[in-house]
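Here is a briefing on one protein chain. Look over the sequence and the model, then read the points below.

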Amino acid sequence: MERRRKLRRIGAFEIVNTTFMLAVCFITLYPMWFVFVNSLNSPEQAMLGTVNWFPKEFSLASYSVVFNDKSLMNGFYITTLRTVIGTVVHVLFTAIVAYGLSKTHLVGRKIYMKIALITMLFSGGLIPTFILMTKLGLYDSFWVFIIPAMYTFFNMVIFMSFFRTIPESLEESAKVDGASDYGVLFKIVMPNSMAVIATIALFSAVYHWNDYYQGVIYIHSQDKLPLQTMLYKIIAENSMSFMQQQAMAQFGARLPSNSIKFASMMAATLPILMVYPFIQRYLVKGVMIGAIKG
């Protein structure tokens with residue numbers, strides 16, 4: 001009898017837990033589904049503003065307007081180029097710094113770590129940073145997206161924690177064979193660190209792809225704006241009269257601004273979401289780095 005009661009309690013808990021998780025999943029996924037469905041509605045249905053689970057009249061008019069807009073396609077190119085170059089440079093530079101600081105015999109290691117920690121806890125503020133970027137010649141330059149993001153202390157600590165788990169005997173064997181420090185790093189350490197590399201690469205890629213703030217502050221030329229900054233301006237400033245004129249000329253109907261916004265959001269979000277499944281197996285292992293000692 002007691003055993004049956006326990007089984008009933010466990011069953012009730014599982015039902016409540018499953019219901020709660022389904023509710024969380026619904027709350028998380030529904031906004032994206034809402035945007036996706038409305039981006040596929042015809043101009044007539046989009047004008048009504050109704051909420052539907054599926055498109056009532058399927059149409060790719062909004063996506064056609066978005067992908068035919070040269071400024072948005074140029075922003076997509078800038079964002080893609082920034083993400084690829086920024087991720088590669090960030091992983092490479094952060095790994096080099098972390099490998100050096102992971103060695104306890106490095107002269108001045110504690111001082112370097114304290115200086116790096118200060119940069120993580122405190123910043124100079126927006127105005128001094130803007131002046132610095134201007135003096136360095138990075139204002140209205142593509143490299144303002146790359147150079148300031150080459151290194152972060154948090155990601156360096158993750159790299160250091162992983163590098164310390166690699167047996168020193170591997171490095172010693174390579175040095176006996178005549179390998180230099182860079183040779184050990186790129187031929188021994190990095191190939192055995194794919195989990196942490198994939199994790200940091202994902203963090204960096206997501207940051208570069210989603211960031212709009214740098215474009216708002218440091219970019220003046222329209223042809224250098226990344227996609228997310230352009231999307232921010234479209235949503236914040238409602239600057240879509242030109243795109244709506246394109247829709248009028250192409251389809252003979254004026255697309256509502258929300259329809260174009262939804263299509264722009266989906267075009268900007270889907271590419272980075274497609275990256276996750278390919279590196280999911282590395283991510284779980286990478287985020288646990290440094291959490292277990294022994």
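**A right-handed helix crossing**

The crossing of H4 and H10 is right-handed. A crossing is left-handed if the near helix is turned anticlockwise from the far one by less than a right angle, and right-handed if clockwise. Helices (H or I, at least four residues) and strands (E, at least two) are DSSP runs, numbered from the N terminus.

This is a predicted model: local features need pLDDT of at least 70, side-chain atom pairs count only at pLDDT 80 or more, and totals for chains, interfaces and linings use all residues. Residues are numbered from 1 along each chain as its sequence is written, and side-chain values use heavy atoms, with hydrogens and water left out.

**H4 against H10**

- Two packed helices are described by the angle between their axes and the distance between the axes.
- Helix H4 covers residues 70-101 and helix H10 covers residues 194-210. They pack at an angle of about 145°, and their axes are 9 Å apart.
- Axes are lines fitted to C-alpha atoms, for helices over the stretch in contact, and angles run from 0 to 180 degrees between N-to-C directions.
- On the H4 side, the contact uses Phe76, Thr79, Thr80, Arg82, Thr83, Gly86, Thr87, His90 and Val91. On the H10 side are Ile197, Ile200, Ala201, Ser204, Ala205, Tyr207, His208 and Trp209. Contact means heavy atoms within 4.5 Å.
- The residues of this contact of H4 with H10 are eight nonpolar, eight polar and one charged. Ala, Val, Leu, Ile, Met, Phe, Trp, Tyr, Cys and Pro count as nonpolar, Asp, Glu, Lys and Arg as charged, and the others, Gly among them, as polar.

**H7 against H10**

- Helix H7 (residues 153-163) also packs with H10. The angle is about 175° and the axes are 10 Å apart.
- That angle makes H7 roughly antiparallel to H10. Angles under 35 degrees count as roughly parallel, over 145 as roughly antiparallel, 65 to 115 as roughly perpendicular and the rest as oblique.
- H7 contributes Asn155, Ile158, Phe159 and Phe162 to the contact, and H10 contributes Val196, Ile197, Ile200 and Phe203.
- The residues of the contact of H7 with H10 divide into seven nonpolar, one polar and no charged.

**Whole chain**

- The protein has 15 helices and zero strands.
- Of its 294 residues, 38% are buried. Buried means under 20% relative accessible area, exposed over 50%, partly exposed in between (1.4 Å probe, protein chains only).
- Take the contacts between residues at least 6 apart in sequence: 73% of them join residues at least 24 apart.

**Annotated stretches**

- An unreviewed UniProt entry lists "transmembrane region" for residues 12-33, 76-99, 111-131, 143-163, 184-207 and 260-279. UniProt positions are given in the numbering used here, feature names are shortened, and annotations may be inferred rather than shown by experiment.
- Residues 76-99 are 100% helix and 0% strand, with the end C-alpha atoms 34 Å apart.
- Residues 143-163 are 52% helix and 0% strand, with the end C-alpha atoms 29 Å apart.

**Buried sites**

- Ala268 sits in helix H14 (residues 257-273). Its relative accessibility is 2%, so Ala268 counts as buried.
- Not counting residues up to four places away in sequence, Ala268 touches Trp209, Leu227, Gln228 and Leu231. The C-alpha atoms of Ala268 and Gly75 are separated by 10.0 Å, though the two are 193 residues apart along the chain.
- Thr229 lies in helix H12 (residues 227-237). Thr229 is buried, because its relative accessible area is 0%.
- Thr229 touches Tyr212, Gly215 and Val216, not counting residues up to four places away in sequence.
- In helix H9 (residues 181-189), the buried residues are Gly183, Val184, Leu185 and Val189. Their cover includes H4, H7 and helix H8 (168-176).
- Asp140 is in the loop between helix H6 (126-135) and H7. Asp140 is not a glycine, yet has a positive phi of about 60°. At 17% relative accessibility, Asp140 is buried.

**Partly exposed and exposed sites**

- Phe130 is in helix H6 and, at 29% relative accessibility, is partly exposed.
- Phe130 touches Tyr139, Ile217 and Tyr218, not counting residues up to four places away in sequence. The C-alpha atoms of Phe130 and Ile217, 87 residues apart along the chain, are separated by 8.0 Å.
- Lys56 is in the loop between helix H2 (43-48) and helix H3 (61-68). Lys56 is exposed, with a relative accessible area of 54%.
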